[in-house]
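Here is a short report on one structure. Look at the sequence and the model first, then read on.

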Amino acid sequence: AVLEFGEVLAEPLSGDPDEQFVELVNPGAEAVDVSGWRLGGGVTLDFAAGTVVASGQSLYVAPLATAFRSRPTSPTGDEGRLVQGGWQGSLSVGGGELQLTDGAGVPVATTSY
């Protein structure tokens, strides 16, 4: 199972840090269950049980799902996007590195932003 990092938005146009997000993309032909996986780096989130990223789809991770859904510009929750909120920390506007690890702690993907 492989996911890739897509867009990382550390500095939303609105200036509201609650609208930051990280996109995880599933380019594969199979759905990927990320239950128990972890996003780490400047932000930390353990994915909830039952979180599945369908083939060819994206999962957006944000500090607050409600803030993501109400973003004035795309991507937003009003576009039917899968989003999970509740990360701890904040993306640095100066950049950083993020890691995605599976439930056993094995690295799946990393990105610099």
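Phe68 counts as buried, because its relative accessibility is 0%. Buried means under 20% relative accessible area, exposed over 50%, and partly exposed in between (1.4 Å probe, protein chains only). Phe21 is buried too, with a relative accessible area of 0%. Tyr60 also counts as buried, at 5% relative accessibility.

Phe21, Tyr60 and Phe68 form one aromatic cluster. Rings of Phe, Tyr and Trp (its six-membered ring) pair if their centres lie within 6.5 Å. Planes under 30 degrees apart count as stacked, over 60 as edge-to-face, and the rest as tilted. The structure holds three aromatic pairs. In one of them, the ring centres of Phe21 and Tyr60 are 5.6 Å apart and the planes stand at 70°, so this pair is edge-to-face. It links distant parts of the chain: Phe21 is in strand β2 and Tyr60 in strand β7, 39 residues apart. Phe21 and Phe68 also form an edge-to-face pair, with 5.7 Å from centre to centre and 85° between the planes. Phe21 lies in strand β2 and Phe68 in helix α1 (residues 65–69), so this pair ties together parts 47 residues apart in sequence.

## About the model

This is a predicted model: local features need pLDDT of at least 70, side-chain atom pairs count only at pLDDT 80 or more, and totals for chains, interfaces and linings use all residues. Residues are numbered from 1 along each chain as its sequence is written, and side-chain values use heavy atoms, with hydrogens and water left out.

Helices (H or I, at least four residues) and strands (E, at least two) are DSSP runs, numbered from the N terminus. Two strands pair if DSSP finds at least two bridges between them.

## The open sheet

In what order do the four strands of the open sheet run? The order is β1-β2-β7-β8, and the pairing is mixed. The edge strands are β1 (4–9) and β8 (82–85), and each pairs on one side only. From one strand to the next, the twist averages 25°. Axes here are lines fitted to C-alpha atoms, for helices over the stretch in contact, and angles run from 0 to 180 degrees between N-to-C directions.

β1 and β2 (residues 21–25) pair in the antiparallel sense over four bridges. Val8 has Val22 in β2 as its bridge partner.

## Ser58 in β7

Ser58 sits in strand β7. Ser58 counts as buried, at 18% relative accessibility. The side chains of Ser58 and Glu23 make a polar contact of 2.7 Å. A polar contact is a pair of N or O atoms within 3.5 Å; within protein, one must be able to donate a hydrogen and the other to accept it, and residues adjacent in sequence count only if both atoms are side-chain atoms.

Contact in general means heavy atoms within 4.5 Å. Not counting residues up to four places away in sequence, Ser58 touches Glu23, Leu24, Val25, Val53 and Leu82.

In soluble globular proteins, nonpolar side chains tend to be buried together. A nonpolar core is a set of buried Ala, Val, Leu, Ile, Met, Phe, Trp, Tyr and Cys residues joined through side-chain atoms within 4.5 Å. The largest one here has 21 residues, and Leu24, Leu39 and Phe47 have the most contacts inside it. β1, β2, β5 (43–46), β7 (58–62) and β10 (97–101) each give two or more residues to this core. Apart from it lies another core, of seven residues, including Leu9, Ala65, Phe68 and Val83.

Which residues does Leu39 contact, leaving aside neighbours within four places in sequence? They are Phe5, Thr44, Leu45, Phe47, Val61, Trp87, Leu98, Gln99 and Leu100.

The side chains along β5 alternate.

Strand β4 (residues 38–41) pairs with β5 in the antiparallel sense over two bridges. Arg38 stands opposite Asp46 in β5. β4 and β5 form a hairpin, with one residue between them. β5 also pairs with strand β9 (residues 88–89), antiparallel over two bridges. Thr44 has Gln88 in β9 as its bridge partner.

## Gly77 in a loop

Gly77 is found in the loop between α1 and β8. Gly77 touches Phe68 and Arg69, not counting residues up to four places away in sequence.
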